[in-house]
Amino acid sequence: MNLPVTLVERTWDVIVAGGGTAGVFAGVSAARAGARVLVTESFGSVGGSGTNAQVTPLMRNVSSGVNLNRGLTDELKRRMNERGDGATDAGGNDNWFNPEGMKYVLERMLLDHGAELLYHTHVVAPVMEGERLTGMVVHNKGGLQEVRASVFIDATGDADLAVAAGVPFLAGDEDGIHQAMSLRFTLAGLDLSRLNAFLGPVGQGSLDPVFIHFWMVWEKGSKLEPLFRQAVEEGTLEERDGDYFQAFSMPGRPGELSFNCPRIRADLNDGADPWHLSAAQIDGREGIERLLRFCRLHLPGCETAYLAAYAPMVGVRESRRIRGDYTLTLDDILECRTFPDAVCRNHYPVDIHTVRNRERLQHTTTGDAPYFRKDAFHEIPYRAMLPVGVSNLLVPGRSASATFEAQSAIRVQQNCHSMGEAAGLAAALAAQGHGGEVRAVDPLALREQLKGLGANL
Ligand SMILES: Cc1cc2nc3c(=O)[nH]c(=O)nc-3n(C[C@H](O)[C@H](O)[C@H](O)COP(=O)(O)OP(=O)(O)OC[C@H]3O[C@@H](n4cnc5c(N)ncnc54)[C@H](O)[C@@H]3O)c2cc1C
């Protein structure tokens, strides 16, 4: 079957596939460097997992008391705070944010820096000449269309474009099993002061009910565990609902909480499998029904809770990871390895939400390795974003080149920002001076330029 593809007459220097966490930063960064940029996004808003999967807050990524992700992340936080959609708590954590506000702010950042946006547009296929991408075919209300650019950035989170272009990839752990997916949701109609007063005596209260964070995971020492056990015994919850339960307040949204759960059924763990994704929405909504009942029945301040929103996007922690010119490993992290071509620094730990049995749940925050010092960090090299076999493509974000363990540490949002920012600048440089060849960009000069723009490198 030969479907007609319309060639879009205009061309761009840089096209970003996927306007998510890394993709927006890539688009802003490339446009700021003077490139003509198009960002294509399948949803009707940008931000990806951070907004449409409702992943709030940003995980802290601090070493020696200093944020490791600066540059455009600082601009995002400044703009969010100005609108009341971002906030800093008494402990100096400046990562609290409102996902709905972030949609607007990220969109403004793209437009203000001169990038163009094409929403409701799904990337379906690469157009190749040898090892070079000349275009990509997208699908939208206009049918199948080919858009062309000098350099492409695959920020789909699943490496959709790279994989279709033949880039080798890894997926899941040694048995191909992925991290658990979650369908996040928001409850409204809450009395957060009363909830906070209840959480205090169980060791999970906050100084200020504006900044609430509470959790329960079986056998991890949460004093909420007996309540969950009771709810399982009475039939309100299922046993698996206690495998991971967590909730956060959001700035500018009094009376609401964002939940980092429920976890999706263990056998549905592949975020790049459309059948898993679809079944995950259904399984997640059933879990949300149970959790809503649990909150109303058992948590003071939540008696009149109602569902404000299901996340439109299933939360995918890990799907496909490209094979790049360098693959980041667990040893790189634990030994705090640095690289001359570094584009990002990380101190967030290995954090695997395993779907295997509870005993194998790893959340490595302590140990003897140099990495666990308070002033430690490791770096991510530019080469981890360069996919083997394609000469004008960059892959920042959660599908950059890393082993299963290493990906679980570098995947958090602020690292995706920094990788995106670096990829965008590199793409602009490649388009402007090197015929689009991303390996011709001088990585040392790239690093110096990023530092000049405020990056902590
Ligand atoms: C449940 C969950 C909880 C998490 N908790 C935290 C946390 O508390 N703090 C934190 O910092 N990080 C957290 N993370 C990790 C973090 O949110 C993600 O790893 C990160 O946001 C991924 O960024 P990305 O740019 O790689 O992908 P995404 O942000 O997912 O962006 C991908 C974008 O590409 C678009 N897209 C995909 N395919 C196509 C296509 N074919 N065509 C066009 N567009 C496409 C998508 O719509 C999306 O906008 C969590 C993740 C999950 C899933």
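Predicted model: local features only at pLDDT ≥ 70, side-chain atom pairs only at ≥ 80, totals over all residues.
## Ligand contacts

A polar contact is a pair of N or O atoms within 3.5 Å. A nitrogen atom of the ligand lies 2.9 Å from an N or O atom in the side chain of Asp160. An oxygen atom of the ligand sits 2.9 Å from a polar backbone atom of Met59. A polar side-chain atom of Ser42 is 3.3 Å from a ligand nitrogen atom.

How much of the ligand does the protein bury? Alone, the ligand exposes 1,000 Å², and the protein buries 97% of that.

## Nonpolar cores

The largest nonpolar core holds 63 residues. Val14, Val37, Tyr382 and Leu394 have the most contacts inside it. Helix α11 (residues 413-433) supplies the largest share of this core, with 9 residues. Apart from this core lies another, of 38 residues, which includes Phe185, Val232, Ile264 and Leu268.

Look at Tyr382. Leaving out residues up to four places away in sequence, Tyr382 touches Asp341, Val343, Leu394, Ala426, Val438, Val441, Pro443 and Leu446.

## Helix α3

Helix α3 covers residues 72-83, which makes 12 residues. At 1.5 Å a residue, α3 should span 16 Å. Its end C-alpha atoms are 17 Å apart, so the model agrees with that expectation.

Which residues of α3 are buried? They are Leu72, Thr73, Glu75, Leu76, Lys77, Arg79 and Met80. The buried residues of α3 pack against several elements, among them α1 (21-32), α4 (99-112) and α11. Just after α3, Gly84 takes a positive phi of about 80°.

Most residues other than glycine have a negative phi, and most peptide bonds are trans. Some places in this model depart from that pattern. The bond from Thr56 to Pro57 is cis, with omega near 0°. Pro57 is in the loop between α2 (49-52) and β3 (62-63). The bond from Cys261 to Pro262 is also cis, with omega near 5°. Pro262 is in the loop between β15 (257-259) and α8 (274-298).

Ser64 has a positive phi near 50° and lies in the loop between β3 and β4. Buried or exposed? Ser64 counts as exposed because its relative accessibility is 52%, and the cut-off is over 50%. His120 has a positive phi of about 50° too. His120 is in the loop between β7 (116-118) and β8, and is exposed at 54% relative accessible area.

Conventions:
Residues numbered from 1 in each chain as written. Heavy atoms only, no water. Core = buried A, V, L, I, M, F, W, Y, C linked by side-chain atoms within 4.5 Å. Buried < 20%, exposed > 50% of the residue type's maximum accessible area, 1.4 Å probe, protein only. Helix = DSSP H or I, 4+ residues; strand = E, 2+ residues; numbered from the N terminus. Contact = heavy atoms within 4.5 Å. Expected span 1.5 Å × (residues − 1). Polar contact = N/O pair within 3.5 Å; in protein donor to acceptor, adjacent residues only side chain to side chain. Areas by Shrake-Rupley, 256 points an atom, 1.4 Å probe, with all protein chains shown as cover.
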